[in-house]
Amino acid sequence: MSEMPAVNLEGAVPSHLPVLPLKSTVVFPRIFIPLSVGRKKSLQLLEDLSGVERHIAVATQLDESAEEVDFHDIHHVGTMVRVQHLLKLPDGTVQLAVLGLRRIRLTGVQSEEPYLTCAVEMHPEHSEDILTIEREALMRRAIASFQQLVSLAPHLPAELAGAAGAIDDPLHLSYYIANHIRLTTEQRQEVLELDSAKAKLEKLLGHMSHELEVLELGRKIQSQAEEQMGKAQREYFLREQLKAIQRELGELDTEHAELSELRERIEKAGLPAEAKREADREIARLERIPSASPESSVIRTYLELIVSLPWNASTGGEVNVKKAREILDADHYDLDKVKQRIVEHLAVRRLKQERGSTDRGREPILCFVGPPGVGKTSLGQSIARAMGRKFARASLGGVHDEAEIRGHRRTYIGAMPGRILQAIRRAESNDPVFMLDEVDKIGADWRGDPSSALLEVLDPEQNKDFRDNYLDVPFDLSKVMFITTANSLETIPPALRDRMEVLHLSGYTEEEKVQIAERFLVPKQVNAHGLRPDEILMSEAAVRLIIREYTREAGVRNLEREIASVIRRDVADIASGKKMKQVDDVKKVRAALGKRRFYDDVAERIDRPGIATGLVWTPTGGEIIFVEAALTPGKGELKMTGQLGEVMRESGAAALSYLKARAADIGIDPTLFDKNDIHVHVPAGAQPKEGPSAGITVLIAMASILTGRPVRDDVAMTGEITLRGRVLPIGGIKEKVLGAHRAGLRRILMPNRNEADLDDIPADLRKEMKFVMVESIDQVLREALAPRGPVASANGNGLRPSAAVRAAGSSRARQAPPSHRGGKGRRRPVA
């Protein structure tokens, strides 16, 4: 290190000095100030200081956030200081105290390593330009303003005012004031750079005037706030005195009467201990605050909710299992599995009652899954009627806010309880049958995930202490029988699905629809249109015509609409005075509904090689689907179109690999794979399709185009394939069979391991269908492909029927649950 130059304290400034850059700090001459140093170069500078007179230059950085600075990053007007004290701390930083000596100007760089050293020169200041009387007036005014500022500012010690009065030099006074009043770093640097004492004091007087105005305004605001607080306290005491006078006179006001009534309702509500404590605490608060306060209405609304909830009110009395079954049968046709589950639950309740058990047991949490129009929602009402309970319902379709389920906290304006507690309050019973409709259509966004909030509601281990955010005390939901409905399980989170007992409601067959129409739909619409029960009848042939030619659905919702359209035509004829038949026949239906809308045109579609009919599951029921294959010149690549999912594309790749490996055995020319591309297309391309069960359909379509053999026009098929040539089981058998039946197909190829699922298909439909159970792709090829030549039909194609063909009535086994696959949040047909 170069030797430090000597300093003349009388005014001489050395030619160069080491420079200590400062962040957010300006050091003034004649001012003693503490500093903290932690940067590497700055620590090295202090380490190299030697001798008694340790002098350095300090200058403020232009950018306070910069860590590495050079000559161009600091103000060039600074201060020469003497390091008075220096203390090294354990964390490596150094605390030092410096005394400002002279204002200096940095004129150039002497060196930059190991720290910045600059050439400096004295930058003199002028106080001679102030006349004696002007100087005295300016100093008095500055001292007076500073002393007034000290008296108002809480952060300035009172001793500063006396010390300022003892200063007789204007330059010293200006630096003293600038060091203590509230100024920004830029304002302090501006004061340092002004050349005359007069300019410095005038600038500081302007800053002090602004600060005094701010402090005066703050004191005025505080005074007003204290005055308002005092007024509120005075009003409170006066109101208390008024209440005391009214009590003495026996004149209780309306407010006191309302509070007394509210307290009486709380006592009679039979609240649990925690709810009782919360209600007592809130009503005590309500008595203390003025009725005009906004908080008063919030507390009243909260207390009204507490006393209106059915804490101990139940409706489920003695259980009559036989009557309950009669009610279920009267309201709904078929649905035997659901009815049996309810009867079993009621039988358990009945047995406990007979044996004197007070334990009601856990209520079942059921989830009805099925296509639209099969009676999921109406079934919940029938269950409530059969059990003798109140019925509550909440639709969750499109709900995105978690607070819709669990309520809003009372700190928010307009807060209210969630849908669960609101429905319980309206039902006026703590054990209703509670239906949560469309649970598969719940959304989630930045406001929360309502399905996660339902985890507590639908968990028997937790819902006995359900805590709504608004109510904020536990409410017992364990007596509530929750029933949820959904069209599909794929969009329901697994954790929520695990808490529910899933019951599948499949679509109806034609015979079932006829029975439902005759027993329920026609009488309902006759009554809805103001007709007598015997005034209009509808023949069975007319109902079947509507089912076959004017509707194509799994449920009966559209069937009911079409029946209503026919009856409206009858009502119009009656109103116009026309003579009409009492029975609506086929001719009347065609006249009312117009042209036929649906056709069973499967045989007409399969008129050439490369087309196969598959079966798919959708949220609205089973449907048929066509898979088309074509050969185009190319290099043996596979192209699949029709908005297919990844699993379905993988099934296509597996099918092609199998055909290539077994080409000679199947009768395919191997050179076709080298010279042609295979294009597989599934029509209805606007609708996404996904799932593995289209495997055999895709394979048969490819085999048909490669062998030139058409697919039988009476066959539909479903099943997953493997590269070993096995056919694996799939889900949704009942829905797919119903879809094939609606489309006019009577022969179905399906995996042998799905034979047990045929028990779920009605017996009358099984008699009409032929089911071919297959275990290998070789069986599928034999049963699906017609011999070379004209398209074969079901009436005689020369094929030897497989031994696996059988009427489904002989199968006996338990149902295997459908495995619905597809992308989350999108309703895809599952092939």
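**Notebook: a predicted chain**

I started at serine 196, which is buried, with a relative accessible area of 15%. Buried means under 20% relative accessible area, with a 1.4 Å probe and protein chains only. The model is predicted: local features need pLDDT of at least 70, side-chain atom pairs count only at pLDDT 80 or more, and totals for chains, interfaces and linings use all residues. Residues are numbered from 1 along each chain as its sequence is written, and side-chain values use heavy atoms, without hydrogens and water.

**Serine 196.** I placed serine 196 in the loop between helix H5 (185-193) and helix H6 (197-249). Helices are DSSP runs (H or I, at least four residues) and strands likewise (E, at least two), numbered from the N terminus. A polar atom of the serine 196 side chain lies 3.1 Å from the backbone nitrogen of alanine 199. I count such a polar contact as a pair of N or O atoms within 3.5 Å; within protein, one must be able to donate a hydrogen and the other to accept it, and residues adjacent in sequence count only if both atoms are side-chain atoms.

**Whole chain.** I noted 28 helices and 25 strands. Of the 831 residues, 49% count as buried.

**Helix H10.** I looked up the buried residues of H10 (residues 321-331): Ala324, Ile327 and Leu328. Down the axis of H10 they fall within an arc of 95°, so they line one face of the helix. The arc is taken over directions from the helix axis to the C-beta atoms. These residues pack against helix H11 (336-354) and helix H12 (376-387). At the start of H10, a side-chain oxygen of asparagine 320 comes within 3.3 Å of the backbone nitrogen of lysine 322.

**Cores.** I checked the largest nonpolar core next, a set of 52 residues. A core joins buried Ala, Val, Leu, Ile, Met, Phe, Trp, Tyr and Cys residues through side-chain atoms within 4.5 Å. Phe434 and Leu471 touch the most other members. Helix H9 (residues 294-308) gives the largest share, 6 residues. Another core, of 46 residues, lies apart from it and includes Met435 and Ala592.

Leaving aside neighbours within four places in sequence, I found leucine 471 in contact (heavy atoms within 4.5 Å) with residues including Tyr302, Trp311 and Leu421.

**Lining.** Which element gives the largest share of the lining of the largest pocket? I found that H17 does, with 5 residues.

Note on methods
Buried means under 20% relative accessible area, exposed over 50%, partly exposed in between (1.4 Å probe, protein chains only).
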